[in-house]
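Hi,

Here is the structure I promised to pass on. Have a look at it first, and my notes on its aromatic rings follow below.

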Amino acid sequence: MNYYLKEKGYGIERNASSKPRDDFDRIMKNMGFEEIEYETVISKNENISSRVLANIKRFLSLKKATEILSKGDSLVIQYPLFRPTFFMQNLIKNLNKRKIKTICIIHDVNYFRYTNVNLSRKVWLYYNDIYSLKKYWKIFVHNNSMKNLLIKNGFSKENLVPIKIFDYLIDDFTSNLNNNIYDGKIVIAGNLDPSKAKYCYNLPKNVNFNLYGTNYKREVNTSIENVNYCGSFSPDDLSFLNGSFGLVWDGDSIDTCNGQFGEYLRVNNPHKASLYLAAGLPIIIWKKAALYEFISKNNLGIGVETLDEVGDILSNMSLGEYNRMKKSVTNYSCLVRKGYFLKQALKKIGIIA
């Protein structure tokens, strides 16, 4: 039997960041996987004893929930859990001994994301990420860059399967993006807080931007003339997006992607790229981002070294070039909206036919 782990108890805190997890649950259910549901446990306060107790309770809850599994069954788990337990590797180790195929789909590897931390934090991240991940039978990684970095950290390449890009489920999809209209506007979607996306507040002045998301600080913006803040939105409704491209960028600067969020693009597949494809938008992406290889290979957008390049590139792009790119995006839009890429990864490891 094929199972997937469904984590309860994070509904109160749901926002756009829960979209990939919710989509995973839906795809697994649609494929006929049986749900193993467990109630996560939240510590009542932030002292050490309370957090340790909550971790133990989460582990015991997981252990009880997985008792129904039998030899030869498979279990797919999202990583990390919304509320993880530092005993997770013990659970996976036990399931492996019981001859259960443990499969994990990675959302984030914090050991790679948070690099500028003190030694004790670094050791903890290594234990919680690298050491724990090695226990799984198969691991769905984002891309070849993440795969190669994990191999350098002692993983077997046979256990790592690139998922290529995240799916982005949309029901009854409608769009106001007109294939025959090219306006050159660029969409930026996501968390717009200056602490994460400081580049949004010093954008090039020769391109028009439409910003969608939370935590936008209009008073901080220094290039307001060509920047239109369009408000926040439901991640399940992309019909209102207006523009010709979606931008995948992060960090403090328009000159390069930097800082912990910008550098993380070297190994990470940002979920906003899937959002843009689901909406039918070609992508503009940093050339050193891991996802650039996929975007370039499949004619889904363009790569740039700096955002200052964008204006000249768009002014020299013919309508024919754009429409050919748009056609490729339309094809991939259908795939990500139907859960194609997770299904293909499961087929590759022989879990489904």
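Tyrosine 131 comes out at 38% relative accessibility, so it counts as partly exposed (buried means under 20% relative accessible area, exposed over 50%, partly exposed in between, with a 1.4 Å probe and protein chains only). Tyrosine 127 is also partly exposed, at 31%. Both sit in helix H5 (residues 119-133), 4 residues apart, or about one turn of the helix; helices are DSSP runs of H or I with at least four residues, numbered from the N terminus.

Before going on, a word on the source: this is a predicted model, where local features need pLDDT of at least 70 and side-chain atom pairs count only at pLDDT 80 or more, while totals for chains, interfaces and linings use all residues. Residues are numbered from 1 along each chain as its sequence is written, and side-chain values use heavy atoms, leaving out hydrogens and water.

There are 16 aromatic pairs in the structure. Tyrosine 127 and tyrosine 131 make a stacked one, 5.3 Å centre to centre with 15° between the planes. For pairing, ring centres of Phe, Tyr or Trp (its six-membered ring) must lie within 6.5 Å; planes under 30 degrees apart are stacked, over 60 edge-to-face, and the rest tilted.

Phe294, Tyr332, Tyr340 and Phe341 form one aromatic cluster. Within it, phenylalanine 341 is buried at 5%, whereas tyrosine 340 is partly exposed at 33%.

Finally, lysine 196 lies over the face of phenylalanine 261, 5.2 Å from the ring centre (the cut-offs are NZ of Lys or CZ of Arg within 6 Å of the centre and within 35 degrees of the ring normal).

Cheers

How values were computed:
Helices (H or I, at least four residues) and strands (E, at least two) are DSSP runs, numbered from the N terminus.
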